[in-house]
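Please consult the sequence and the structure shown below.

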Amino acid sequence: MLMKIFAAACIVGITFAPTADARRVRDQDRAFAARQAGQIMPLHEIEGRIVPRMPGCDYLGPEFDANSGVYRLKFMRGGSVIYVDVDGRNGQIIGRSGH
């Protein structure tokens with residue numbers, strides 16, 4: 001009987017325990033909140049400014065650092081990865097790595 005109660009308690013605990021992903025605020029959620037608050041530009045505007053400046057590159061997508069308000073746009077040219085860091089508040093390029 002004690003074993004059945006223990007097993008039931010484990011099942012309930014596993015079913016209702018929050019996952020690490022549920023507890024962790026995702027970058028995209030933080031970017032959305034900052035955009036809604038008017039702290040950063042919409043991503044599509046930033047991409048519209050930066051992607052055309054990277055001819056011959058394939059655009060792989062963004063990452064967002066909510067602490068600094070910086071987007072890191074990732075590109076691929078040949079076998080090289082290029083990162084372009086963009087200030088989310090004004091859309092200005094603030095750094096670039098790779099070639």
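In what order do the strands of the open sheet lie, and is their pairing parallel or antiparallel?

## Basis of the model

The model is predicted: local features require pLDDT of at least 70, side-chain atom pairs count only at pLDDT 80 or more, and totals for chains, interfaces and linings use all residues. Residues are numbered from 1 along each chain as its sequence is written, and side-chain values use heavy atoms, with hydrogens and water left out.

## The sheet

The open sheet has 4 strands in the order S1-S2-S3-S4, and the pairing is antiparallel. Strands are DSSP runs (E, at least two residues) numbered from the N terminus, as are helices (H or I, at least four residues); two strands pair if DSSP finds at least two bridges between them. Strands S1 (58-65) and S4 (93-97) form the edges; each has a single partner strand, so one side of each lacks a neighbour in the sheet.

Antiparallel pairing of S1 with strand S2 (residues 70-77) involves 7 bridges. Within S2, Met 76 is the bridge partner of Asp 58. Helix H4 (residues 43-50) packs on the sheet and touches S1, S2, strand S3 (80-87) and S4, where contact means heavy atoms within 4.5 Å.

## Asp 85

Asp 85 belongs to strand S3. Its relative accessibility is 16%, so Asp 85 counts as buried (buried, under 20% relative accessible area; exposed, over 50%; partly exposed in between; 1.4 Å probe, protein chains only).

Leaving aside residues up to four places away in sequence, Asp 85 touches Val 70, Tyr 71, Arg 72, Gln 92, Ile 93, Ile 94 and Gly 95.

Notes
Axes fitted to C-alpha atoms, helices over the stretch in contact; angles between N-to-C directions.
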